[in-house]
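This briefing summarises the computed features of one protein chain.

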Amino acid sequence: MPNMDIVNVLKLSYDGLDDQQKCIFLDIACYFKGNDVQRVTRILDGSKFNAESGINALVHRCLITISKNMIEMHDLLIQMGREIVDKESTEPGERSRLWRYEDVYRVFEINTGTKNIEGIFLHDYTSKEIEVTSKAFNKMTRLRWLIVLNNHVKHSEDFAFPSYGLTCLRWDGYSLSSLPLNFHAKSIVELHLETSNIKELWQGNMCLKILRRIDLSGSQQLIQVPEFSTVPKLEYLILSGCASLEKLPGDIHKLRHLSVLYCNVCLKLASFPEIKRNIETPVKLSLDETAIKELPSLIELLSGLHCLSLNNCKDLESLPNSICNLRRLKILGLDGCSKLCKLPEDLERLSHLEVLSLKSVSCQLPSLSGLSLLRKLHIDQCNLTPGVIKSDNCLKALKKLSLGTCNLNEGEALNPIFYLSSLEILNMSKCYPAEEGNLSDIVVGISQLSNLRFLYLLHWKKLSQIPELPSSLRLLDAQHSIGTSLPPMHSLVKCLKSANQQNC
């Protein structure tokens with residue numbers, strides 16, 4: 001069937017929609033295709049749409065599909081939707097949606113915008129600078145979403161734009177130090193001002209009751225974040241790379257719906273607010289590369305915390321013992337915390353921990369054998385001592401163990417590793433024994449790892465002989481290991497036979 005015949009059939013399906021469903025279809029065709037369905041639903045609901053019903057109607061008529069929670073639309077349908085918008089008027093400023101660079105540029109340049117415009121999507125990464133004035137937006141009183149992914153859009157200090165009906169604002173490289181004085185977007189659901197010059201979001205008090213997501217990442221001038229009580233439904237707060245931010249509001253306990261807080265590379269952030277009330281929502285917290293010295297003593301009140309990342313916090317000196325009460329914590333990252341003088345002795349109480357990374361932590365490691373759900377353990381550049389890993393097979397879920405550049409002065413510390421029956425990936429690159437020791441004597445137990453598939457022994461200086469290998473092994477990497485000879489031939493044959501049988 002020729003494309004035009006297909007389009008005509010699809011147009012009949014579109015014509016059968018009600019006005020609100022048509023509006024949702026055109027929004028998706030002009031911008032929201034490829035976005036998460038829950039996010040799109042909430043943004044559309046901010047405009048008082050019955051978004052869930054409308055999206056279901058589009059799915060039923062085969063105008064969109066939902067795949068892995070993402071809204072997908074066929075190219076022919078996108079083309080059809082955009083042609084419908086084009087036919088609204090020969091003048092771009094009279095149409096409901098703008099997505100072509102030249103159309104947006106024309107509207108901004110000669111101020112031809114009208115009340116018909118509901119959405120603007122400027123995404124051309126041209127180096128041509130656009131000067132935007134308040135006058136260009138004066139008549140856009142029905143604007144619902146404004147997306148500017150172009151860092152060359154400039155505006156004067158008194159710049160303003162209609163915000164009352166705005167549900168989604170994204171303006172990369174926003175050049176002013178705050179949002180306009182007339183910014184009162186009570187319907188806003190998402191606010192993205194990445195790599196902006198924002199110092200504070202707005203002046204005075206403003207309560208945005210349905211705002212779910214704030215992303216100010218890369219805004220290096222940001223010095224202040226609004227009190228959390230003004231955004232009670234906030235779920236995502238992204239402050240990554242806000243290098244001037246020194247503190248967070250003290251009322252973090254009021255964020256009942258918070259699920260993601262990223263403050264990584266906030267280089268001046270030296271403290272985290274005290275937590276005054278239990279927060280059960282699953283939370284992912286990243287404080288990587290901050291100036292944090294300690295965590296709140298009542299960190300356990302973040303009872304829903306499932307991911308805590310403190311990698312390369314060079315000033316972090318200690319962790320409160322209450323961290324061991326975070327029974328839902330699944331991921332803990334402490335890589336590069338070089339001032340950390342002690343880890344909690346009861347770390348084994350983190351009964352749901354699945355990933356633990358302690359690279360370059362110089363303090364004594366506690367026993368980790370009680371972490372029965374642990375799948376990945378990174379203790380590269382650590383001092384591995386007896387008792388950290390035990391031969392009681394309590395680490396029965398461990399799939400990956402990385403010991404790169406570990407000091408193996410006490411060979412008995414390594415012996416329990418060869419009882420980790422579930423281990424599939426073992427990295428022992430750059431490990432070194434005591435001066436009189438030989439690594440070949442230390443790793444003779446590798447053949448006991450019956451599920452091992454990947455073994456890394458790079459840059460070993462005292463490995464005279466690669467030991468016998470388990471038949472499960474599929475990759476051995478011993479590059480740059482001095483004086484190393486191949487493993488026994490029968491060991492290699494066993495690996496080859498096992499691989500052939502698996503492929504049959």
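Helix α2 is largely enclosed by the rest of the structure, because 11 of its 14 residues are buried. The model is a predicted one. Its protein chain has 504 residues, of which 53% count as buried, and its secondary structure comes to nine helices and 23 strands. Among contacts between residues at least 6 apart in sequence, 44% join residues at least 24 apart.

**Helix α2**

- The buried residues of α2 are Gln 21, Cys 23, Ile 24, Phe 25, Leu 26, Asp 27, Ile 28, Ala 29, Cys 30, Tyr 31 and Phe 32.
- The helix covers residues 19-32, and the distance from its first C-alpha to its last is 18 Å, close to the 20 Å expected at 1.5 Å a residue.
- At the start of α2, the backbone nitrogen of Gln 20 has a side-chain oxygen of Asp 18 within 3.2 Å.
- Just after the helix, Gly 34 adopts a positive phi of about 90°.

**Helix α5**

- Helix α5 comprises the 12 residues 75-86, which should span 16 Å at 1.5 Å a residue; the end C-alpha atoms are 16 Å apart, in agreement with that expectation.
- The buried residues in α5 include Leu 76, Leu 77, Ile 78 and Met 80.
- Gly 81, Ile 84 and Val 85 are also buried in α5.

**Nonpolar cores**

- In soluble globular proteins, nonpolar side chains tend to be buried together.
- The largest nonpolar core in this model has 121 residues, and Phe 137, Leu 239, Leu 401 and Leu 403 have the most contacts inside it.
- Elements that give two or more residues to this core include the helices α6 (101-110) and α7 (134-137), together with β4 (119-122), β5 (130-132), β6 (145-148), β8 (168-171), β13 (283-286) and β14 (305-309).
- The greatest contribution to this core comes from α6, with five residues.
- Leaving aside neighbours within four places in sequence, Leu 239 is in contact with Leu 216, Ser 217, Leu 222, Val 225, Leu 245, Leu 248, Tyr 262, Cys 263, Asn 264 and Cys 266.
- A second, separate core has 38 residues, among them Tyr 14, Ala 29, Ile 78 and Phe 121.

**Strand pairing around β14**

- Four of the five residues of β14 are buried, so this strand is largely enclosed by the rest of the structure.
- Strand β14 pairs with β13 in the parallel sense, over four bridges.
- Strand β14 also pairs in the parallel sense with β15 (residues 331-333), over three bridges.
- Ser 309 of β14 stands opposite Ser 286, and the bridge partner of Ser 309 in β15 is Gly 333.

**Salt bridges**

- Side chains of opposite charge can pair when their charged atoms come close.
- The structure holds 22 salt bridges.
- One of them joins the side chains of Arg 97 and Asp 27, at 2.8 Å from N to O.
- Because Arg 97 lies in strand β3 (residues 97-98) and Asp 27 in helix α2, this pair ties together parts that are 70 residues apart in sequence.
- Arg 97 counts as buried, at 2% relative accessibility, and Asp 27 counts as buried at 0%.
- Asp 27 and Arg 97 also belong to a network of salt bridges that links them with Glu 118, Arg 142 and Arg 144.
- Asp 103 and Arg 100 form another salt bridge, with the closest N and O atoms 3.2 Å apart.
- In that pair, Asp 103 is buried, with a relative accessible area of 12%, whereas Arg 100 counts as partly exposed at 28% relative accessibility.
- A further salt bridge is formed by Arg 349 and Asp 346, whose closest N and O atoms are 3.3 Å apart.
- Arg 349 counts as partly exposed at 32% relative accessibility, and Asp 346 is partly exposed with a relative accessible area of 40%.

Key
Residues numbered from 1 in each chain as written. Predicted model: local features only at pLDDT ≥ 70, side-chain atom pairs only at ≥ 80, totals over all residues. Heavy atoms only, no water. Expected span 1.5 Å × (residues − 1). Buried < 20%, exposed > 50% of the residue type's maximum accessible area, 1.4 Å probe, protein only. Core = buried A, V, L, I, M, F, W, Y, C linked by side-chain atoms within 4.5 Å. Contact = heavy atoms within 4.5 Å. Polar contact = N/O pair within 3.5 Å; in protein donor to acceptor, adjacent residues only side chain to side chain. Pairing = 2+ DSSP bridges. Salt bridge = Lys/Arg side-chain N within 4 Å of Asp/Glu carboxyl O.
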